[in-house]
Amino acid sequence: MSSSAPSTEKAKNDRALRFYRDALGLERLHYGMWLPDDELTMEALKAAQKRYEDFLIDSIPEGTRRVIDVGCGTGELCLHLKARGYEVEGLSPDINQKKMFAEKVEARFHFTKFEDSQLEGGYDLIIMSESCQYIPLDKVFEVAQQALNPRGYLMVCDYFVLDQNAGELSKSGHDYNEFLKKAEESAFEIVSRRDITLDIRKTLEIADEWAEKILLGADILTEKFRERNPFLWKIVKWFGISKYEKLLSQKVLIDADKFCAFKKYEFLLFQL
Ligand SMILES: C[S@@+](CC[C@H](N)C(=O)[O-])C[C@H]1O[C@@H](n2cnc3c(N)ncnc32)[C@H](O)[C@@H]1O
């Protein structure tokens, strides 16, 4: 198996993983599925993430035995699948996830990008939970078809871009219509689907609440410094401005209303 993730990408992944695990205490990397009356708390977020995984597993068609979790993150879903009796394998191009998987799950791990994977085949089901968006669109169905048994399944649960003119929000996720067009042209057919955009919305709301608190905290912490050292503050701002502006421009990514207007988070189950 190859391991061709560019180092900058790896570093980004490592940082994100460390932030989720060490700073937030989260074992999972996806948005989860909330209940309408859930409070915006860390406990509710963890429960939402567990609920999402239960939903994926409960959606697995009968007769499925051999499963590969593509972009398996921290390996939680694989653990969960193993506990439910499936034969599981994980795949990720991230070195940190490879190590974590080895410590956590007794199962085969493929250290590679899916598009480069050259899997030997024989799977009943491929799961792509929030990982499909990282795989080149022209490879998703082609490589999945090669790896699956006849009449095998591909489960995709991810967010897609509805509007290509929505700035930062258009930059992550496959274009929804293009994705469906590729699916239509492939050998797969959709056997079940569910729009879960509203179910994930509270993850954005809680992230926005945290971001506001962090920005307010930074404002309070720098208040005295700004008052006492206006000149120095100008220099600090001048050096830090591009990072600060980037942060602000990216805050739109956790704007729940905009996300729901310009993106769609959907569960799709395909069959060959
Ligand atoms: C947002 S995380 C989702 C992790 C996990 N599936 C979950 O639901 O928590 C995205 C995952 O996709 C993986 N990934 C990124 N590019 C990939 C590629 N080209 N092929 C396979 N996996 C990839 C990342 O390493 C990471 O494991």
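Mentor: A backbone N or O atom of G71 sits 2.6 Å from a nitrogen atom of the ligand. Keep in mind that this is a predicted model.

Trainee: How much of the ligand does the protein cover?

Mentor: The protein covers 92% of the 590 Å² of accessible area that the ligand has on its own.

Trainee: What surrounds the ligand?

Mentor: The shell has 20 residues; G71, Q97, F114, E115 and S129 are the closest. By class, eight are nonpolar, eight polar and four charged.

Trainee: Why is S92 called buried?

Mentor: The relative accessible area of S92 is 2%. Buried means under 20%, so the label holds. S92 lies in strand β2.

Trainee: What else does the side chain of S92 reach?

Mentor: The side chain of S92 reaches the backbone nitrogen of D94 at 3.1 Å. A polar contact of 2.7 Å also joins the side chains of S92 and Q97. Leaving out residues up to four places away in sequence, S92 touches C72, Q97, F109, H110, F111 and T112.

Trainee: What makes the phi of E130 stand out?

Mentor: Phi of E130 is near 55 degrees, a positive value in a residue other than glycine. Most residues other than glycine have a negative phi. E130 is found in the loop between β4 and α5.

Trainee: Is E130 buried or exposed?

Mentor: Buried: its relative accessible area is 12%.

Trainee: Why is R151 called partly exposed?

Mentor: R151 has 49% relative accessibility. Exposed requires over 50% and buried requires under 20%, so R151 falls in between. R151 is in strand β5. Its phi is near 65 degrees, again a positive value in a residue other than glycine.

Trainee: And what puts E178 in the partly exposed class?

Mentor: A relative accessible area of 48%. That value is not over 50%, so E178 is not exposed. E178 is in helix α6. Its C-alpha atom is 9.9 Å from that of L162, 16 residues apart along the chain.

Trainee: How do you know that L26 is buried?

Mentor: The relative accessible area of L26 is 4%. The limit is 20%, so L26 is buried. L26 lies in the loop between α1 and α2.

Trainee: Which residues of α3 are buried?

Mentor: E76, L77, C78, H80 and L81. Their cover includes α2, β1, β2, α4 and β4. Just after α3, G85 takes a positive phi of about 95 degrees.

Trainee: What makes a group of residues a nonpolar core?

Mentor: Its members are buried residues of a set of types, such as Leu, Met and Tyr, joined through side-chain atoms within 4.5 Å. The largest core here has 32 residues; L56, L81, L125, M155 and Y265 touch the most other members. Elements that each supply at least two residues include α2, α3, β4, β5, α7 and β8. A second, separate core of 27 residues includes Y123, L154, V156 and L272.

Trainee: Which residues does Y265 contact?

Mentor: Beyond its neighbours within four places in sequence, the contacts of Y265 include Y31, Y52, E130, C157, R194 and I200.

Trainee: And the chain as a whole?

Mentor: The protein chain has nine helices and eight strands. Of its 272 residues, 44% count as buried. The chain exposes about 14600 Å², with carbon and sulfur atoms supplying 52% of it.

Conventions:
Residues numbered from 1 in each chain as written. Predicted model: local features only at pLDDT ≥ 70, side-chain atom pairs only at ≥ 80, totals over all residues. Heavy atoms only, no water. Buried < 20%, exposed > 50% of the residue type's maximum accessible area, 1.4 Å probe, protein only. Helix = DSSP H or I, 4+ residues; strand = E, 2+ residues; numbered from the N terminus. Contact = heavy atoms within 4.5 Å. Near = heavy atom within 4 Å. Polar contact = N/O pair within 3.5 Å; in protein donor to acceptor, adjacent residues only side chain to side chain. Areas by Shrake-Rupley, 256 points an atom, 1.4 Å probe, with all protein chains shown as cover. Nonpolar A, V, L, I, M, F, W, Y, C, P; charged D, E, K, R; others polar.
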